[in-house]
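I set out to record how each chain is built and how the chains meet. The entries below follow the order in which I looked things up.

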Amino acid sequence: MSTNTAQHKAPLLLGLLLLLQVLLMSWNARTQAGDQSVLRAWVMAVITPVAKGTGWTIDRVTGFFDGFAELRHARDENVQLKIEIERLTQERDEAVEKAAVKNNLEAELGLRLLPRFRSLAASVISRNIAVWFRRLTIDRGSMDGIKKDMPVLTSSGIVGRVIEVGPNSSFVQLITDRYAGVGAMLQQSREMGEIRGQENSRCEMKAVAASVDVQVGDKIITTGLDGIYPKGLPVGTVESVENDANAPWKKILVKPSAPVDRVEHVFVLLIEPKDLKALEAFK
Amino acid sequence: MQTFKIAASIVVALLLQILFAKRFSFFQYVELPLVITVFFSLQRSPIQGMFVGMAAGLGLDIVSGGDAIGVRGFSFTLLGYVIAMGSIRFSLEQKPVRILVTAVASIANTVLFVGLCKVLEKNVLTNGPDELLKLALYKAIGDTAAGLILFILLDRIFPRTGSTTIKRRFYE
């Protein structure tokens, strides 16, 4: 076929290619159950190790040069860290003592203890590739035991939940995504509400009555009632509170405890919604 | 060889998109595969523009973790065709015009993407026309800035040949 003939058949080809995309969208919409579609699973299976390897190399190279720059501040930092270690040692001793007292009380009162959940460490391959979603890609998938709706967190708080699982990678919806929801409560007052994602790496706590006393800096934890996150995980702290005389609810802006937009490594709690339900029944 | 080089460019653009988005938050406003699509579509071959657009769009759909695979594939394929047809009828190869084409393609892509997602009832982070306009402008700036750099690089890898001029004559 000459170039000219081929180019004149372009409108027909365009129609075919667009139809193919429409069929793909339709097929993809039908096969959404937490597992990645075959096409995505194949591509991600290939691209994940490459992206991981390239990212690792870039980190090592930039880390090498950053290391030189940071050496200048190492001395001052060392002094600060020694002071911090002393403070943390004191706090740890107090916490150990409190835990021992708590365990004794629980044993005496016959309370059933919550089981500890197994977790899996994962590295973040990419985040927020497009402005339209708040998502992370992590380097663990179904081959590592990851399943849809497993909670993802760091040591400082929850990050989000697994929404799509492939063989060696998974997509995580961040709690700052507007379509993400977390059952949460104020740690002090135990007042419950719902966490919804906002712009600028922030969340909003909804459904907290205007009469409830909420202060800036109050801690927010999970309730365990949303069927995704176990109870008691740190969510964030209250950044601002607004009262509207005409609204029955407070407007509470929350800063997530975990650095969701900078996180490099996360833990996936190997717990499924059905395990949480069983846990509630157990309690 | 040329096809292989184009395919490699798409893969590298996707890889860079993944790596840069993790390190620089402003990169969420940039779509390197769209810039690649614009570059190859401006070479006055609608077929090349369509196929590059389809591969780049589908690739971005897949790696971005979005709910709808095929939305960007649709949008980029259409844009690839329209830009290639435009480049046959009008002279779009001057550098300032190319940048303008990238900005317009970025805005058109945003409108197409959000429109298709709404039709498919897929969630995207837009809250009304004001926010959509703001995001479209940010994205246009991001894509144009990326185009400024990427076009210099791509011009070196894919130097213009006489065939692009001949292609216009076929249509005239």
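**Entry 1. Chain A, overall.** I first counted the secondary structure of chain A and found five helices and 12 strands. I note at the outset that the model is predicted. I then computed the radius of gyration of chain A, which is 24 Å, whereas the globule rule gives 19 Å for 283 residues. The value is well over the rule, so chain A is more spread out than a compact globule. Along the principal axes, the C-alpha atoms of chain A fill a box of roughly 85 × 55 × 40 Å.

**Entry 2. First barrel of chain A.** I traced the strand pairing next. Six strands of chain A form a closed barrel in the order β1-β2-β5-β4-β3-β12, and their pairing is antiparallel. From one strand to the next, the twist averages 45°.

- Strand β1 (residues 119-127) of chain A is paired with strand β12 (residues 265-269) of chain A through five bridges, in the antiparallel sense. Here I found A:F267 of β12(A) opposite A:A121.
- β1(A) also pairs with β2(A), again in the antiparallel sense, over three bridges. In β2(A), the residue opposite A:V124 is A:I138.
- Strand β2 (residues 135-138) of chain A pairs in turn with strand β5 (residues 170-174) of chain A, antiparallel and over four bridges. A:T137 has A:F171 in β5(A) as its bridge partner.

As background, I recall that the strands of a sheet pair through backbone hydrogen bonds, either parallel or antiparallel.

Entry 3. I then followed β6(A) onward. Six strands close into a barrel in the order β6-β7-β8-β11-β10-β9 of chain A, with antiparallel pairing. I checked one pairing in detail: strand β9 (residues 219-222) of chain A and strand β10 (residues 234-242) of chain A run antiparallel and are joined by three bridges. Within this pairing, A:P234 in β10(A) is the residue opposite A:I221.

**Entry 4. Chain B, overall.** Read along the sequence, the pattern is α-α-α-α-α-α-α. The radius of gyration of chain B is 15 Å, close to the 16 Å of the globule rule for 172 residues, so chain B is as compact as a globular protein of that length. Its C-alpha trace spans about 45 × 30 × 25 Å along the principal axes.

**Entry 5. Helix packing within chain B.** I examined α1(B) against α3(B). What are the angle and the distance between the axes of α1(B) and α3(B)? The angle is about 25° and the axes are 10 Å apart. I therefore class α1(B) and α3(B) as roughly parallel to each other, an angle under 35 degrees being the criterion. The crossing of α1(B) and α3(B) is right-handed. I listed the residues that make the contact: α1(B) contributes B:I6, B:I10, B:A13, B:L14, B:Q17 and B:I18, and α3(B) contributes B:V52, B:A55, B:A56, B:G59, B:L60 and B:V63. By class, the contact of α1(B) with α3(B) has 10 nonpolar, two polar and no charged residues.

**Entry 6. Contact between the chains.** I turned to the place where chain A touches chain B. The contact takes 43 residues from chain A and 34 residues from chain B. On the side of chain B that touches chain A, at least two residues come from each of α1 (2-23), α3 (46-64), α4 (71-89) and α6 (129-157). Which helix gives the largest share of that side? I found it to be α3(B), with seven residues. The side of chain B that touches chain A consists of 22 nonpolar, 10 polar and two charged residues.

**Entry 7. α3(B) against chain A.** I followed α3(B) across the contact to helix α2 (residues 10-30) of chain A. The axes of α2(A) and α3(B) come within 10 Å and cross at roughly 10°, which makes α2(A) roughly parallel to α3(B). The residues making this contact are A:A10, A:L13, A:L14 and A:L17 of α2(A), together with B:P46, B:I47, B:M50 and B:M54 of α3(B). I classed the residues of the contact of α2(A) with α3(B) as eight nonpolar, no polar and no charged.

Terms used:
Residues numbered from 1 in each chain as written. Chains lettered and ligands numbered in written order. Predicted model: local features only at pLDDT ≥ 70, side-chain atom pairs only at ≥ 80, totals over all residues. Contact = placed C-beta atoms within 7 Å. Nonpolar A, V, L, I, M, F, W, Y, C, P; charged D, E, K, R; others polar. Pairing = 2+ DSSP bridges. Axes fitted to C-alpha atoms, helices over the stretch in contact; angles between N-to-C directions. Parallel < 35°, antiparallel > 145°, perpendicular 65-115°, else oblique. Left-handed = near helix turned anticlockwise from the far one by under 90°. Rg over C-alpha atoms; globule rule 2.2 N^0.38 Å.
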